[in-house]
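Subject: Structure for your files, with notes

Hello,

Please find the structure below. My notes on what was found in it follow.

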Amino acid sequence: MLGADAEGMPIVKIYWGDLGVRLAWDGASLPGSAHLATAREQRIRPLLARIHQHDRWREVRRRSLWMPTHVVSKAAARARHRMSAEVVEFLGDALVYFAARGTTESPGPIVRRVLAGLEAAAATRSARGDEPLVVFSHSMGGQIIYDLVTHFLPALHPDGDLRIDFWAAASSQVGLFEELKLFAVSDFAHGPGAPVPAPDRRYLGHWWNVWDPDDFLSFSVRDIIAGADDMPYKSGLGAGMAHFGILRQPSFYQLFSERLQAALAAR
């Protein structure tokens with residue numbers, strides 16, 4: 001929420017990660033240093049010597065052509081465990097959320113947790129004189145907020161008493177999952193040339209969707225969902241750091257502040 005008393009501005013933090021994915025072997029399948037050491041011990045020449053000569057030369061030629069790429073990949077493999085863990089966590093959280101999202105009659109645990117946080121924020125907003133309600137989500141949180149403003153809030157708060165005035169969705173995958181038609185309101189009638197209508201303004205005011213071109217886990221909603229303020233932000237970080245690194249860049253928060261002030265001034 002935003003008001004004249006910046007220092008006293010209440011902030012409601014909504015954490016749902018404990019309801020997300022849990023790896024049964026704590027990520028033992030993700031190739032780490034021990035796995036890579038085992039791979040380095042593998043000797044390819046004796047293996048090639050045991051196959052038919054014609055096939056052997058075909059494979060040697062193929063390996064030679066791909067040698068430059070292989071060298072780069074070996075260097076990147078040192079960071080593979082961390083990058084793989086990030087991707088697995090994202091995919092796992094997405095699978096858990098969509099599988100257990102629930103319905104308006106019986107919302108799933110993640111929806112209930114986030115909805116309760118928004119309801120608490122809305123109650124505080126009312127007690128402080130109807131200050132703007134500002135929501136900031138990162139990554140998978142974007143999909144949850146999108147489902148809330150398009151599906152759950154219209155059913156559970158039909159009188160519009162819970163409205164987000166400004167939503168900043170950083171590094172989300174809303175555009176991707178709408179293309180996959182996985183949201184509660186997704187409809188195959190919407191596609192190229194027929195974007196999804198903007199969320200009802202009774203539940204959402206300004207939506208700022210910000211994505212990093214160097215982050216392979218953040219996506220645009222341009223031409224997919226109408227009404228979004230879709231904007232790239234260059235964090236200047238590599239692919240392995242950009243997804244969470246955006247949260248540590250002061251210039252991102254400066255841009256956030258500028259978009260927020262402009263949106264609220266235009267209300």
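In these notes, helices (H or I, at least four residues) and strands (E, at least two) are DSSP runs, numbered from the N terminus. Residues are numbered from 1 along each chain as its sequence is written, and side-chain values use heavy atoms, with hydrogens and water left out. This is a predicted model, in which local features need pLDDT of at least 70 and side-chain atom pairs count only at pLDDT 80 or more, while totals for chains, interfaces and linings use all residues.

Two loop serines

S139 sits in the loop between β1 (134-138) and α7. Its relative accessible area is 9%, so S139 is buried (buried means under 20% relative accessible area, exposed over 50%, and partly exposed in between, with a 1.4 Å probe and protein chains only). Which residues does S139 touch, not counting those up to four places away in sequence? They are F90, A170, S171, S172, Q173 and H243, where contact means heavy atoms within 4.5 Å. With Q173 there is also a side-chain to side-chain polar contact of 3.3 Å. A polar contact here is a pair of N or O atoms within 3.5 Å; within protein, one must be able to donate a hydrogen and the other to accept it, and residues adjacent in sequence count only if both atoms are side-chain atoms.

S139 is not a glycine, yet its phi is positive, at about 55°. S171 likewise has a positive phi, near 55°, and is a residue other than glycine. S171 belongs to the loop between β2 and α8, and is buried with a relative accessible area of 0%.

Nonpolar cores

In soluble globular proteins, nonpolar side chains tend to be buried together. A nonpolar core is a set of buried Ala, Val, Leu, Ile, Met, Phe, Trp, Tyr and Cys residues joined through side-chain atoms within 4.5 Å. The largest one has 37 residues, of which I145, L148, I164, W167 and W207 touch the most other members. Two or more residues of this core come from each of α5 (80-99), α6 (109-127), α7 (141-156), β2 (164-170), α8 (174-179) and β3 (204-211). A second, separate core has 14 residues, including F166, A168, Y233 and F256.

What surrounds I164, leaving aside its neighbours within four places in sequence? I164 is in contact with L118, L133, V135, I145, V149, Y203, L204 and G205.

Aromatic pairs

Rings of Phe, Tyr and Trp (its six-membered ring) pair if their centres lie within 6.5 Å; planes under 30 degrees apart count as stacked, over 60 as edge-to-face and the rest as tilted. The count by this rule is 15 aromatic pairs. One of them is F98 with F177: the ring centres are 5.1 Å apart and the planes stand at 50°, so the pair is tilted. F98 is in helix α5 and F177 in helix α8, 79 residues apart, so this pair links distant parts of the chain. F98 is buried at 18% relative accessibility, and F177 is buried at 6%. Ring pairs also join F90, Y97, F98, Y146, W167, F177, F183 and W207 into a cluster.

Salt bridges

A salt bridge is a side-chain nitrogen of Lys or Arg within 4 Å of a carboxyl oxygen of Asp or Glu. The count by this rule is eleven. Three of them are listed here:

- D165 and R125, at 2.9 Å from N to O. D165 lies in strand β2 and R125 in helix α6, so the pair ties together parts that are 40 residues apart in sequence. Both D165 and R125 are buried.
- K181 and E178, with the closest N and O atoms 2.6 Å apart. K181 and E178 are both buried.
- D55 and R58, at 3.5 Å from N to O. They are three residues apart in helix α3 (residues 53-65), which means about one helical turn separates them. D55 is partly exposed at 36% relative accessible area, and R58 is partly exposed at 38%.

R125 and D165 also belong to a salt-bridge network with R163 and R267.

β3 and β4 pair in the parallel sense over four bridges; two strands pair if DSSP finds at least two bridges between them. W208 stands opposite D229 in β4. Which residues of β4 (residues 229-232) are on the covered face, and which on the uncovered one? D229 and M231 are on the covered face, D230 and P232 on the uncovered face.

E258 lies in helix α10 (residues 250-265) and is partly exposed at 43% relative accessibility. The side chains of E258 and Q254 make a polar contact of 2.9 Å.

Regards
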